[in-house]
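Here is a short tour to read beside your model. Keep the sequence and the 3D view open as you go.

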Amino acid sequence: MVQYRPAARVAALPPNFFGAMDREIAKLAAEPGPRVINVSKGNPDLPTPEAIVTAMQAAVASPSNHRYPAYLPRPKLAEAIALRYRDDHGVDIDPATEVAIFHGSHEGIMAGIVALAGPGAAVVLPDPGYPAYASAVQLAEARAVTLPLVPPTYQPDLTALDGLEGAAVLVLNYPNNPTGALARPETFVGAGEAARRLGAVLLHDFAYASLGFDGRRPLSALAIDRGHEVTVELSTLSKTYSMAGWRFGYAAGNASAIAAMRAYQVHAFSTIFGATQDAATAALTGSQDAAAELVAIYERRRDLVVEGLRRIGWEPESPEGSFFVWVPVPGGGDDVAFTQRLQREARVAVAPGSGFGAGGAGHIRLGLVHDEATLAELIDRLAAFGAAPTTTAVP
Ligand SMILES: Cc1ncc(COP(=O)(O)O)c(C=O)c1O
């Protein structure tokens, strides 16, 4: 059999960090012992609200959705996206020219970077940051430039870009994965100015758009860049409506950048199932009570985990949004080694911070994607783990 080698742009992709971790966790779960508590990922555990499921069932049954859909977003869907922006953020979006749709915002990240950054172009990425950004830079054969996020608020240190003369894209992400930080208005003001100076699109990944705690609604970058001079924002139904498996996301903002992203999307991935578009329209235009209830559930889980960790002497940041808790490794030390020990000795899987870049080293990330009883058991296991002597050397 002929052995083929991947093209250079694929060969150079970073190893799929979470894929490798998933395999390890699955192996551990197959071994005898108590159940593995897996808080390593951001895969929502709660079901999609019933009204959206019902809308999808009707849409799937409609023969009009069995044919190829049009390339452009359905007008009702584009209008629904504009409606959410108006109601939630006081932002006006032109549904005809300022909206693009994707199979999830992961695909939107690829479109935002690959459609706008040519080979060798600089793409500014937050550190720590969601690993897909670096993969997209690699596929674009572009060049990543690190933008450090500074604790404890994890806003970007934009002075790090002072020596940079140009860039194609500047990526930010708030509510932030992995740290749980919310954006401050001045962050988007400064990033917009930097983007304008660099000739870059400010690509704001707003995947956790609905998930602000303590009554705070996360800030849209388009509420700061009201003329959509430089900004495109990515959103997803995955977290807001617990629809991660459905694969639907969208971008809104600067019309010329949206046109490039649409072109990339239709050439690379073609069209999006009409029934998914109809169900997304139902989600965005229907009652938002279920989405608000999800925020309340994650907030209760956050309180349980943060208070529990503090009780056992760990020192987590209390997240302002998202559904992650970002925790310095207790007593300091290497996050990967600590994660491996936790897996082996407590059968608890967390994400090591250095998987999100050098800026994440020394931290671990816990996802609030289990019910309260499981999260209470998680705290008990961590308490017992903390009390146990370290017996095994990490390989
Ligand atoms: C920061 C961030 N952006 C984008 C995504 C991708 O989400 P989706 O492709 O489900 O829309 C995720 C998923 O976890 C994320 O955490």
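Which residues in α12 meet R381, L382 and F385 in α13?

## Two helices that meet

On the α12 side they are F338, R341, L342, E345 and A346, where a contact means heavy atoms within 4.5 Å. Helix α12 covers residues 335-346 and helix α13 residues 372-387; they pack at about 105 degrees with axes 11 Å apart. Because angles of 65 to 115 degrees count as roughly perpendicular, α12 is roughly perpendicular to α13. By class, this contact has five nonpolar, no polar and three charged residues.

Helices (H or I, at least four residues) and strands (E, at least two) are DSSP runs, numbered from the N terminus. Axes are lines fitted to C-alpha atoms, for helices over the stretch in contact, and angles run from 0 to 180 degrees between N-to-C directions.

## The sheet

Eight strands form an open sheet with mixed pairing, in the order β2-β9-β8-β7-β6-β3-β4-β5. Its edge strands, β2 (99-102) and β5 (155-156), each pair on one side only; pairing needs at least two DSSP bridges between two strands.

Strands β8 (231-236) and β9 (249-253) pair in the antiparallel sense over five bridges, and V232 stands opposite G253 in β9. Helix α7 (185-198) lies across β5, β6 and β7, running at about 170 degrees to β6.

## Confidence and conventions

This is a predicted model: local features need pLDDT of at least 70, side-chain atom pairs count only at pLDDT 80 or more, and totals for chains, interfaces and linings use all residues. Residues are numbered from 1 along each chain as its sequence is written, and side-chain values use heavy atoms, leaving out hydrogens and water.

The pLDDT, the predictor's confidence in each residue from 0 to 100, averages 95 over the chain, and 98% of the residues score at least 70. Over residues 391-395 the pLDDT is below 50.

Terms used:
Angles under 35 degrees count as roughly parallel, over 145 as roughly antiparallel, 65 to 115 as roughly perpendicular and the rest as oblique. Ala, Val, Leu, Ile, Met, Phe, Trp, Tyr, Cys and Pro count as nonpolar, Asp, Glu, Lys and Arg as charged, and the others, Gly among them, as polar.
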